[in-house]
Structure formats: structure tokens, C-alpha cells
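Here is a short briefing on side-chain contacts and surface features. Please look at the model first.

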Amino acid sequence: MFDKLSKFLIPIAGKLNNNRYLGVLRDAFMLAFPLTIFGSIMVVLANLPFLDNVMSESLLAGIQESLGPAPNATMNIASVFVVFGIGYYLAKSYGVEAIFGGAVALTAFLLLTPYVVSTESGEVVSNVLAVDRLGAKGMFLGMIVAFLSGEIYRFITQKKIVIKMPAGVPPAVSQSFAALIPAVVTLTVFLILNIIVTQGFNTNLHDVIFNTVQAPLVGLGGGLPATLIAVFFIQILWFFGLHGQIIINSVMDPIWNTLSLENLQAYTTTGELPHIINKQFIEVYLVGAGGTGMTLAVLVAILLFMRSKQMKQVGKLGIGPGIFNVNEPVIFGLPIVMNPLILLPWIIAPMVVTVVSYTAMAIGLVPPPTGVTIPWTVPIFISGFLATNSIAGSLLQLVNVLIVFAIWFPFLKFIDRMNIKQEKEAAQKNAAADMQVPKEKI
């Protein structure tokens, strides 16, 4: 069964993992990571739950207003960084001058962005950019435009339809002239597209893509069934030794990150949290307790209750990295990879935790993640508090650890007994070998 399943899954996973566009998308989101971390830190500091008890309302309002530009300049315009990153890394993957690929992609995105904003009173203000179109609302259009503009730009460049400068011209000047024709052609395509949509159909591509593509996908990806399917495939891919987190996240990250941005924008303006599932839900409540599969509970069970030397050694080697959510010592040392004895808890435990966490947030026991970016290496309890801005978020993590512990324990105990038996048999064989006296030559 495992052979048949691996023959089916491994080729598909390999193609996803090596796909040019998914790799570019992953790198583009990582480009925005340090910037969003900065914005997240400022959001957390401005909204600590005890601040209203230790300072006046006016002082708190002043602090929040002072720190407000940080998320506005980073997280709230994350689409800008992702678009530039896609253009940059796509051009780089083709061996084309990358910086111009990023600049062209960003310009193409801005060409399709409306420069008008409607106020609450119905007044239309021209020559301004709405921040939400540079953030969550424009994410999917930005990704589509970045990939299309990148492909057009690199195609023209690779066909050598460029201006070549003579030798001796400074490299920066030569590269600028080489990018001139590809950039002009690419941007002209998107300018014409914008004219057709705005003048011919009296709308804009932002609204078209948001209503027809982004909103349905985000609605689907933000639901519990789709999340459980994603978690299942993450676990099953890891079971076969493939990095399920990288493979599945490459597909789901655009949806989960968009949900995070929408939560953050709502949290910083109205205090509401429209989505339960987002990027932080996955990383804090499924990865943030020892790594993929929440193996911190497994390590604790091994160190406290298992007696075999092999498992004790795995526990000692894995507990340090496991606190910071690095669990390769457990995955390959226990092992988890290709070990049918623990396939069941490996898949079931994260899915049960997903349902429990979702339910706790849906009924109001725990607030959903606010959307602030939490590095996946932040230890348990701390990450839960930072993600939800509530001690309830930390307590939910501890409950999840107990759930994983309970599911895994009987399987670990069975493996422990097998290991003890094998270790005793090995010790008896070694003792018998040591007792044998070699015959002397006569």
C-alpha cells in the first residue's frame, strides 16, 4: 500500500516542489518577511492588553498614533513587496536582469490600480491610492500581473530585442538601455488592457479579479474543510520524506497570507477579526508546538515515560531544537518517515488540533489570530500570546499539546516496548559472545 501511495504522491510532490512559479511565489513572500515582522512588532506593542490599565486614554492614543505608520508602511501594502519580488525572482530564474523585472512588474500593477477613492459621504477623490488595493485586496491581481509582465519582459529580452550599447559604456547605463524596449512593450500591453477595461467596461481589473477570483478562493481556503485537506497532505508528504510544509504552503500561502492581511487591517481599524483561518493559525497552532506534526508533545512523552535507550536518545537530541519548532531529529530519528507504526497519530493529531482550535475560536473562547507576523521559530506559549494578543491563545496551545500527547502516547508506548525487547535481545547476544572462550591452538 505504501509503495503504491508513494509512487502516486512523490512524482506530484516533486513537480510542485520544483515548479518555477511556486518557487518564485515562495521567495517573493519571503522578501516581505522582515518588513512585515517589523510592522507586526509595532502592532503588538501598540495593542498590548494591559496598556489601558497603566496609562491614560490620551497617552495610549498618542502611542498608537505614533506607531501607526509602521504597519501602514509594511503589512498594509504587502502586495507591493510581493509583486516586486515575483518580478525580480522570475526574471532571475530565467537569467534576465532581475532588478528591472521587479520594477516592470510593480509598474504594471500600478498601471491597473485605480487612482480614485470614494469617501463615506460619496465624494470621489482623484489622484490618490487606496491602501487596501496595495494590501490584501490587491494581492491576487498583483500576483497575476507580476507573473504575466515577467513572462513578457523576459521573452522580449531573451529574443534579443534590445538596444545594445558599445563597449566601454558603464554597465548601469548599458543595462538600462537593454531593458528599455522590453519594459516599454510590457508596460504598453498593460496600459492598453487598463484602457479597455476602464473605458470599455466602466470598471477596473482590481474589482474584477477580487470579485471573480480572490473572494471565492479566499472564502474556500479560509474554511475548515479546505484547511483539514491541506493539513492531511502536509502530514502524508512528510511521512514519505518530502517537505510537506514547503510543498503545500507554496499553493496555500497566497490565500492564508491574504486572510492574515484582511484580519490585520480590520483589527487595526475596527478591532474586529473576520477570519479564523489564516497564516498565523497554521504556524502558531500547528507548527508552533514543536514543528510540523506538533512533535513537542512527542518529545515530552519520550523523555518522561519511555524507557528504551533509542527513544531516550531521540528525546535528548530533539528537545532543544523542538522548543524552537525544528523537528527533523524526531522525524528522521524516531523515525516518523516511512514508519507505519505511527502513521495514524502523525496524521490524526494535527487534524484533531485543527478542529479543536477552530471550534474554540468560532465559539469565542479564544480570539482568532490578529494577522501580525510571528516567526515560526518562536516557542510555544509566547507565540500564542503574540498571535492573538490574549493569554487565551497561549492556553489553547497548551491544550493542543495535551491532545497530541494523549493521541500519541499508546503508539509511543508500543514502540518503546518493542525497542526494549530488541535491546535486551541484543544485550544477551553480546553477553553470550563475550563469554565464549577461544580454543587454544595445540
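The charged end of Arg 20 sits 3.9 Å from the centre of the Tyr 94 ring, over that ring. Here, a charge over a ring means NZ of Lys or CZ of Arg within 6 Å of the ring centre and within 35 degrees of the ring normal. This is a predicted model: local features need pLDDT of at least 70, side-chain atom pairs count only at pLDDT 80 or more, and totals for chains, interfaces and linings use all residues. Residues are numbered from 1 along each chain as its sequence is written, and side-chain values use heavy atoms, leaving out hydrogens and water.

**Charge over a ring**
- Lys 137 lies over the face of Phe 210, 5.5 Å from the ring centre.

**Aromatic pairs**
- The structure holds 10 aromatic pairs (rings of Phe, Tyr and Trp, its six-membered ring, with centres within 6.5 Å; planes under 30 degrees apart are stacked, over 60 edge-to-face, the rest tilted).
- Phe 84 and Tyr 88 are stacked, because their ring centres are 6.3 Å apart and their planes meet at 25°.
- Phe 84 and Tyr 88 are 4 residues apart in helix H7 (residues 78-93), so about one helical turn separates them.
- Helices are DSSP runs (H or I, at least four residues), numbered from the N terminus.
- Tyr 88 is partly exposed at 25% relative accessibility (buried is under 20%, exposed over 50%, partly exposed in between; 1.4 Å probe, protein chains only).
- Tyr 88 and Tyr 89 pair edge-to-face, at 5.1 Å between centres and 85° between planes.
- Ring pairs join Phe 84, Tyr 88 and Tyr 89 into a cluster.

**Helix H11**
- Leu 180 is found in helix H11 (residues 171-200).
- Leu 180 is partly exposed, at 39% relative accessibility.

Conventions
Helices (H or I, at least four residues) and strands (E, at least two) are DSSP runs, numbered from the N terminus.
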